[in-house]
Amino acid sequence: MSLQADFTSQEFFRDPATAIEKLRTTGPVVEVRFPIIGKVWATTTQALADQVLKDTETFTIRRDDGNVAGLQWWMPGIVRTLANSMLSMDEPDHKRLRDIVDEAFRRRAVLDMEPHIQAIGDQLADELFAEGSPADLVERFARRLPLSVICELLGLPLADRAKFTAWASGFTRFTGALGFLGMMPKIFAMRRYVEQHLETVRRQGGQGLIAEIVRVEKDGGKIRRDEIVSMVFLLLFAGHETTTHLISGSAFELLKNPGLRYWLREDESRLDLAVEEFLRFITPVQFTKPRYVRRDVDLGGVQVRKGDKVMAMLAAANMDPQANPHPERLDLQRRPNRHIAFGTGIHFCLGHQLARIEGRCALKSLFRRWPELALAVDPSEIKWRKRPGLRAIDRLPVVVIRQTRGPGGVKQE
């Protein structure tokens, strides 16, 4: 019997550790009903998440007929087209596509970008309250920083950032089939934009990852035109959406715990360990894509059958006490930190270095510029988007608490 677990409830997003522990008491692998995907096995331990993600012979994203796990018969054809990204491929197609982007990323020297990313963060922090106070930290800062960076990396005009912001916002708000279909106009609009940009680059050349991928295509590289469109979609949204929610989630935890914020300001080198802990504790991507079970197999003592679907629950893996003692605690000095927020195996996140840099730079810029930043509402009023599989704060209103001195001493206002 499938468990009735609501992975879109505010209770789950507000306190995932408690919900996950309840789920884990049912077993290391539990059958649940997941929005859109339907009945699926979900792992609740890190060891089993590792097994599912690394055993690519037993657990595959596609069936022999090429059908992608999680795609439904009623989904428009454009969705199947966009599924032709490396994230939805098994070997050898996954390696074919990933090698193209890996090479482009290596030429970009991501680690050398940190000073520039820090400068972008500083500018955005300066502009946080440009439209008044309170300001929504998600839209005014947490989304703009990684979106600016990925636009530059891809070679997309920053002038079009508002379009990407509107599209991305729609992509993270759907909760079921109707919401999914409702975002189709945004997907069509973005596909038109990407195809037009690609044609411009083919005719006129350009800079950035898109131009480098087009050069691979022109040189006879093994990549189809529809695969390029899918890859740009993937790089644009995977390159900023999850980092947006890492930044906003990290800021939320620090705004709730000013002592931790001041502790980090005393020595910013502590941010390296802190960002790893935020990745573990927040886990913006809660589940991986579903996989097909290719043969009957014992998974954690549970007999799963050929043709079943299974998802690695990254949030549960990161809250597994066997991997990280007292996982319910936010410990910015946690060492070792055995999180798998970026996944593992062949689909390990390509942009992990970039996400880490952006997380560090964002927190430095934000709290250097606004050391007295505070929530404008009680923490209990903060809500998460009801998007299954993504832990994303909807709005994070913030203000600056100013201290004034008067006859009665220091006052906050």
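Modeller: W370 is buried, with a relative accessible area of 12% (buried means under 20%, exposed over 50%, partly exposed in between, with a 1.4 Å probe and protein chains only). The model is predicted, so local features need pLDDT of at least 70 and side-chain atom pairs count only at pLDDT 80 or more, whereas totals for chains, interfaces and linings use all residues. Residues are numbered from 1 along each chain as its sequence is written, and side-chain values use heavy atoms, leaving out hydrogens and water.

The ring of W370 has the charged end of R369 over it, 3.9 Å from the ring centre (this requires NZ of Lys or CZ of Arg within 6 Å of the centre and within 35 degrees of the ring normal). F129 and W370 form one that is edge-to-face, at 4.9 Å from centre to centre and 85° between the planes (rings of Phe, Tyr and Trp, the last by its six-membered ring, pair if their centres lie within 6.5 Å; planes under 30 degrees apart are stacked, over 60 edge-to-face and the rest tilted). This pair links distant parts of the chain, 241 residues apart: F129 lies in the loop between α6 (114-126) and β4 (135-136), and W370 in the loop between α18 (352-369) and β9 (373-375). Helices (H or I, at least four residues) and strands (E, at least two) are DSSP runs numbered from the N terminus.

F342 and F348 form another edge-to-face pair, because their ring centres are 6.2 Å apart and their planes stand at 70°. F342 is buried at 10% relative accessibility, while F348, at 29%, is partly exposed.

The whole structure contains 5 cavities of 30 Å³ or more, and the second largest cavity has a volume of about 80 Å³. On a 1 Å grid over the protein atoms alone, a cavity is a set of points where a 1.4 Å probe fits but cannot get out; a pocket is an open set with protein on both sides within 12 Å along at least five of seven lines, and lining residues have an atom within 4 Å of a point. The lining of the second largest cavity includes L363, K364, F367 and R368, as well as L254, R261 and E268. α18 gives the most to this lining, with 4 residues, and α15 (258-266) also supplies at least two. By class, the lining holds 5 nonpolar, no polar and 5 charged residues (Ala, Val, Leu, Ile, Met, Phe, Trp, Tyr, Cys and Pro are nonpolar, Asp, Glu, Lys and Arg charged, and the others, Gly among them, polar).

Aromatic rings also gather elsewhere: F7, F12, F13, F34 and F287 form one cluster. Of these, F13 is found in helix α1 and is buried, with a relative accessible area of 0%. Beyond its neighbours within four places in sequence, F13 is in contact with F7, T8, Q286, W384, R385, K386, R387, L390 and R391 (contact means heavy atoms within 4.5 Å). F13 and L390 are 377 residues apart in sequence, yet their C-alpha atoms are 9.2 Å apart in space.

The largest pocket has a volume of about 250 Å³ (a volume is the space filled by probe spheres set on grid points, which are joined across faces, edges and corners). Its lining has 14 residues, and D6, F12, A19, I20 and K22 are the closest to the centre. α1 (10-14) and α2 (16-26) each supply at least two of the lining residues, and the largest share, 5 residues, comes from α2. The lining comprises 7 nonpolar, 3 polar and 4 charged residues.

Finally, the whole protein has 18 helices and 12 strands, and 55% of its 413 residues count as buried. Among contacts between residues at least 6 apart in sequence, 71% join residues at least 24 apart.
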